[in-house]
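Q: Could you take me through the charged side chains here, and in particular how they pair up? I'd like one connected answer.

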Amino acid sequence: MASVSLKEIIEKMKLENLTPELDISKMKITQPDINRPALQMAGYFEHFEATRLQIIGFVEYTYMQGLTQEYKEEVYNKLLSCDIPVIVFCRELQPDPFFLQVALEHEVPILMTKKATSSFTAEIIRWLNVKLAPCISVHGVLVDVYGEGVLITGESGIGKSEAALELIKRGHRLVTDDVVEIRKVSDDTLIGSAPDITKHFIELRGIGIVDIKSLFGISSVKDTQSIDLVIKLEDWDKDKEYDRLGLEEEYTEYLGNKIVCHNIPIRPGRNLAIICESAAVNHRQKKMGYNAAQELYTRVQNSLARRREEDEDE
């Protein structure tokens, strides 16, 4: 199961630790969702998602301020005895000393942020969704071409890295070579990134390992990129029929998300970089509402219709 250390969350979100006595080095968050324990403060613990990160905003805080000491002892102990990973107070709201005392007894870290509750909630959910997203590794090369994430796949040695190198020389950006880590951050979006070990490196057969960042500069690399298009390279088969119009899109699937896929046959003399560029621009054009294949089909149909009308008039 994917997890994020509590220490990383504190550093990323610039949180203040109000319980430094607790050892948080081994504490982890495993769910991207959050919970605001307002109902629990009121005594309702049915369906309580205790394993989520808990956020206390101004409404919960003012309610806690008005509780009697006797009720605080009851509800605080009941709340903090649950399997809570961490509680975050927003708007620099300071929990009362008794709440901190009970939190220490039950070893629940208490953090604080200056941010407003809504903005912090949105930010932490977005970040956790990326960090804890379902992840797979695939063999291929991911390049940012005109803002479109192009995943180039194919058998080993077919020329993926060489195509990526030519694209980089033409001003596009490398995300990762050889191994692409794909994360499903939403039902519509897949994000690709490089493993830390191979980041910014390309392997070229006959030459070896090349450091793209050092050779071409910081503008030639990128850490993450959404995957918008898949180009699958394959050896040319003269007996196979290849799509020459592109009226119907073909798709491939990763983690349940469908991505447009083009099967590109390889033979000597074909410029893979130009093909990848053209595919990326054409895909972008389709997203903006223009389909060249459909336009050609419409012209042909209109031409045939005019000819039929002329024949009928004669």
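This is a predicted model: local features need pLDDT of at least 70, side-chain atom pairs count only at pLDDT 80 or more; totals for chains, interfaces and linings use all residues.

**Charged side chains and their partners**

A: The partner of Asp96 is Lys72: their side chains form a salt bridge, with 3.6 Å from N to O. Lys72 sits in helix H4 (residues 69-80), while Asp96 is in the loop between strand E6 (87-89) and helix H5 (97-105), so the bridge ties together parts 24 residues apart in sequence. Lys72 is buried too, at 10% relative accessibility.

That bridge belongs to a set: the structure holds 13 salt bridges. Another one joins Glu277 and Arg170, whose closest N and O atoms are 2.9 Å apart. This pair links distant parts of the chain, 107 residues apart: Glu277 is in helix H9 (residues 272-287), and Arg170 is in the loop between helix H7 (160-169) and strand E11 (173-176). As for cover, Glu277 is buried at 9% relative accessible area, whereas Arg170 is partly exposed at 37%.

Now for a pair within one helix. Glu295 and Arg299 make a salt bridge, with 3.4 Å between the closest N and O atoms. They are four residues apart in helix H10, so about one helical turn separates them. Glu295 is partly exposed, with 29% relative accessibility, and Arg299 is exposed, with 55%.

Glu309 gathers with Glu310, Asp311 and Glu312 in a surface patch of negative charge.

Glu234, in strand E17 (residues 229-235), is buried, with a relative accessible area of 16%. Setting aside neighbours within four places in sequence, the contacts of Glu234 include Lys240, Tyr242 and Asn263, along with Ile158, Ile264, Pro265 and Ile266. Glu21, on the other hand, is in the loop between strand E2 (16-17) and strand E3 (28-29), and counts as exposed at 57% relative accessibility. The C-alpha atom of Glu21 is 9.1 Å from that of Pro109, although the two residues are 88 residues apart along the chain.

Key. Residues are numbered from 1 along each chain as its sequence is written. Side-chain values use heavy atoms; hydrogens and water are left out. Patches are made of residues with over 30% relative accessible area and no salt bridge: like charges are joined within 9 Å, nonpolar side chains (Val, Leu, Ile, Met, Phe, Trp, Tyr) within 5 Å. Accessible areas come from the Shrake-Rupley method with a 1.4 Å probe; for residues, only the protein chains shown count as cover. A salt bridge is a side-chain nitrogen of Lys or Arg within 4 Å of a carboxyl oxygen of Asp or Glu. Lys and Arg count as positive and Asp and Glu as negative; His and the chain ends are not counted. The place of a charge is taken as NZ of Lys, CZ of Arg, CG of Asp or CD of Glu. Helices (H or I, at least four residues) and strands (E, at least two) are DSSP runs, numbered from the N terminus. Buried means under 20% relative accessible area, exposed over 50%, partly exposed in between (1.4 Å probe, protein chains only). Contact means heavy atoms within 4.5 Å.
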